[in-house]
Amino acid sequence: MGTDRRSGLVTILTDELRARWHAGGWWTGETAADLVERWATERPDAVAVRDDERACTWAQLREASLRSAWALRSLGVGTGSRVAIQMPNRFDMVALHVAAELVGAVYVGLTANFRQHELRELCTLVRADTLITSGEFDGFDYTVPAAQVRHDVPGLRTLLAVDP
């Protein structure tokens, strides 16, 4: 275990482990944002993400990610920010993950199954300053626990709810 130089968070990705993964060809150092950009250029019309409601191409994912990055930046999210995202595994969640990377933030993925207690503990642990969640999805209103967590977590200044 060590401390990540970029985020300051504890990580299992030691320099030795990173070197081994690079040497084995398992990790190139490309981010999700790097891959989306490359594939949107190389195969813009190929399906990138398919969820229960739609299939989106690499070009559409790049465009949605850029729009979301602009929105995050306009809210003050940038390099060093910690963006916790709790959403179902859908197109919007992927676009927001990439957007967080594009503005230099640390993406923190949180399972949609977490409720107030888990959400509060993890947002506190990672020192999240932004929490993005769904509105109502599959009979559950994610904004209710998120709103309470916003008041409970020191430094959590931005809460966004995205309708799926």
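How are α2 and α3 oriented relative to each other? The axes of α2 and α3 cross at roughly 135°, and the two helices are therefore oblique to each other. This briefing concerns a predicted model, in which local features need pLDDT of at least 70, side-chain atom pairs count only at pLDDT 80 or more, and totals for chains, interfaces and linings use all residues. Residues are numbered from 1 along each chain as its sequence is written, and side-chain values use heavy atoms, with hydrogens and water left out.

**Conventions for the helices**

- Helices (H or I, at least four residues) and strands (E, at least two) are DSSP runs, numbered from the N terminus.
- Axes are lines fitted to C-alpha atoms, for helices over the stretch in contact, and angles run from 0 to 180 degrees between N-to-C directions.
- Angles under 35 degrees count as roughly parallel, over 145 as roughly antiparallel, 65 to 115 as roughly perpendicular and the rest as oblique.

**Packing of α2 with α3**

- The axes of α2 and α3 come within 8 Å.
- α2 passes α3 in a left-handed crossing; a crossing is left-handed if the near helix is turned anticlockwise from the far one by less than a right angle, and right-handed if clockwise.
- On the α2 side, Val36, Glu37, Trp39, Ala40 and Thr41 meet Trp58, Ala59, Leu61 and Arg62 of α3, where contact means heavy atoms within 4.5 Å.
- The residues of this contact of α2 with α3 comprise 6 nonpolar, 1 polar and 2 charged (Ala, Val, Leu, Ile, Met, Phe, Trp, Tyr, Cys and Pro count as nonpolar, Asp, Glu, Lys and Arg as charged, and the others, Gly among them, as polar).

**Packing of α3 with α4**

- Helix α3 (residues 58-74) packs against helix α4 (residues 91-102) at an angle of about 60°, with the axes 8 Å apart.
- α3 and α4 are therefore oblique to each other, and α3 passes α4 in a right-handed crossing.
- From α3, the contact involves Gln60, Leu61, Ala64, Ser65, Leu66, Ser68, Ala69 and Leu72; from α4, the residues are Phe91, Val94, Ala95, Leu96, Val98, Ala99, Ala100 and Leu102.
- The contact of α3 with α4 has 13 nonpolar and 3 polar residues, and no charged ones.

**Packing of α2 with α4**

- The angle between α2 and α4 is about 110°, and their axes are 8 Å apart.
- That makes α2 roughly perpendicular to α4.
- Ala32, Ala33 and Val36 of α2 meet His97, Val98, Glu101 and Leu102 of α4.
- By class, the contact of α2 with α4 has 5 nonpolar, 1 polar and 1 charged residues.

**Aromatic pairs**

- The structure holds 3 aromatic pairs; rings of Phe, Tyr and Trp (its six-membered ring) pair if their centres lie within 6.5 Å, and planes under 30 degrees apart count as stacked, over 60 as edge-to-face and the rest as tilted.
- One of them joins Trp39 and Trp58, whose ring centres are 4.8 Å apart with planes at 65°, so the pair is edge-to-face.
- This pair links distant parts of the chain, since Trp39 lies in helix α2 (residues 32-42) and Trp58 in helix α3, 19 residues apart.
- Trp58 counts as buried at 12% relative accessibility (buried means under 20% relative accessible area, exposed over 50%, partly exposed in between, with a 1.4 Å probe and protein chains only).
- Phe140 and Tyr142 form an edge-to-face pair, at 4.9 Å centre to centre and 85° between the planes.
- Phe140 is partly exposed at 22% relative accessible area, whereas Tyr142 is buried at 6%.

**Loop residues**

- Arg127, in the loop between α5 (116-125) and β7 (130-134), has a positive phi of about 60° although it is not a glycine.
- Arg127 is partly exposed, with a relative accessible area of 45%.
- Asp138, in the loop between β8 (136-137) and β9 (140-141), is also not a glycine and has a positive phi of about 55°.
- Asp138 is exposed, with a relative accessible area of 75%.
- Ser81, in the loop between α3 and β5 (82-86), is buried, with a relative accessible area of 6%.
- Leaving aside neighbours within four places in sequence, Ser81 is in contact with Gly76, Ala105, Val106, Asp129 and Arg157.

**Thr143**

- Thr143 is found in helix α6 (residues 143-152) and counts as partly exposed at 27% relative accessibility.
- Not counting residues up to four places away in sequence, Thr143 touches Ser134, Gly135 and Ala161.
- Thr143 and Asp92 are 51 residues apart in sequence and 16 Å apart in space, C-alpha to C-alpha.
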